Amino acid sequence: AEAHASVLASTFELTPAQARIATYLARGLALKEIARQLGVAVSTVRSHTQGPFEKTGARRQADLVRVLLLASAL
C-alpha cells in the first residue's frame with residue numbers, strides 16, 4: 001500500500017495524505033470506511049479527496065478510481 005501511495009503521489013503530485021486516501025478509494029472503500037480505518041473524521045477524508053480530484057481532472061469518484069488504477073498499472 002505504501003509503494004502504491006508513493007507512485008500515486010509522484011504521478012499526480014499528491015500530498016502523502018491525499019495519496020493514502022487515494023489508495024483506499026482505488027481499493028473500493030467508502031469514505032466512511034476510510035475514515036474509520038484511519039481514525040479520522042469523514043470530513044477529513046473528504047477534504048483530502050479534493051486534491052486527487054483536482055489533480056487528475058476526475059469529476060466523479062468512479063472516474064477518479066479508474067484514473068488511479070490505470071496509473072498504478074503503468
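**Exercise 1.** Find the salt bridge between the side chains of E33 and R36, and describe where its two residues lie.

*Solution.* Step 1: the side chains of E33 and R36 form a salt bridge with an N to O distance of 2.6 Å. A salt bridge here is a side-chain nitrogen of Lys or Arg within 4 Å of a carboxyl oxygen of Asp or Glu. The model is predicted, so local features need pLDDT of at least 70 and side-chain atom pairs count only at pLDDT 80 or more, while totals for chains, interfaces and linings use all residues. Residues are numbered from 1 along each chain as its sequence is written, and side-chain values use heavy atoms, with hydrogens and water left out.

Step 2: E33 and R36 are three residues apart in helix α3 (residues 31-38), which means that about one helical turn separates them. Helices (H or I, at least four residues) are DSSP runs, numbered from the N terminus.

Step 3: E33 is partly exposed, at 26% relative accessible area, and R36 is exposed, at 57%. Buried means under 20% relative accessible area, exposed over 50%, and partly exposed in between (1.4 Å probe, protein chains only).

**Exercise 2.** State how many salt bridges there are by this rule, and which residues are linked in a network of them.

*Solution.* Step 1: the count is three salt bridges. Side chains of opposite charge can pair when their charged atoms come close.

Step 2: D63 pairs with R60, the closest N and O atoms being 3.2 Å apart. D63 also pairs with R66, and here the closest N and O atoms are 2.6 Å apart.

Step 3: these salt bridges link R60, D63 and R66 in a network.

Step 4: D63 is buried, with a relative accessible area of 16%. R60 is exposed at 53%, and R66 is partly exposed at 47%.

Step 5: R66 and D63 are three residues apart in helix α5 (residues 61-73), so about one helical turn lies between them.

**Exercise 3.** Describe the largest nonpolar core and what α2 gives to this core.

*Solution.* Step 1: the largest nonpolar core has 22 residues, and L8, L25, I34 and L68 have the most contacts inside it. Such a core is a set of buried Ala, Val, Leu, Ile, Met, Phe, Trp, Tyr and Cys residues joined through side-chain atoms within 4.5 Å.

Step 2: α1 (2-12), α2, α3, α4 (42-56) and α5 each give two or more residues to this core. The most come from α2, which gives six residues. In soluble globular proteins, nonpolar side chains tend to be buried together.

Step 3: leaving aside neighbours within four places in sequence, L25 is in contact (heavy atoms within 4.5 Å) with L31, I34, T49, Q61, L64 and V65.

**Exercise 4.** Decide whether Q18 is buried or exposed, and list its surroundings.

*Solution.* Step 1: Q18 lies in helix α2 (residues 16-26). Nine of the eleven residues of α2 are buried, so this helix is largely enclosed by the rest of the structure.

Step 2: Q18 is buried, with a relative accessible area of 10%. The other buried residues of α2 include A17, I21 and Y24.

Step 3: the side chain of Q18 reaches the backbone nitrogen of T15 at 3.0 Å.

Step 4: not counting residues up to four places away in sequence, Q18 touches H48, G51, P52 and K55.

Technical notes
Polar contact = N/O pair within 3.5 Å; in protein donor to acceptor, adjacent residues only side chain to side chain.
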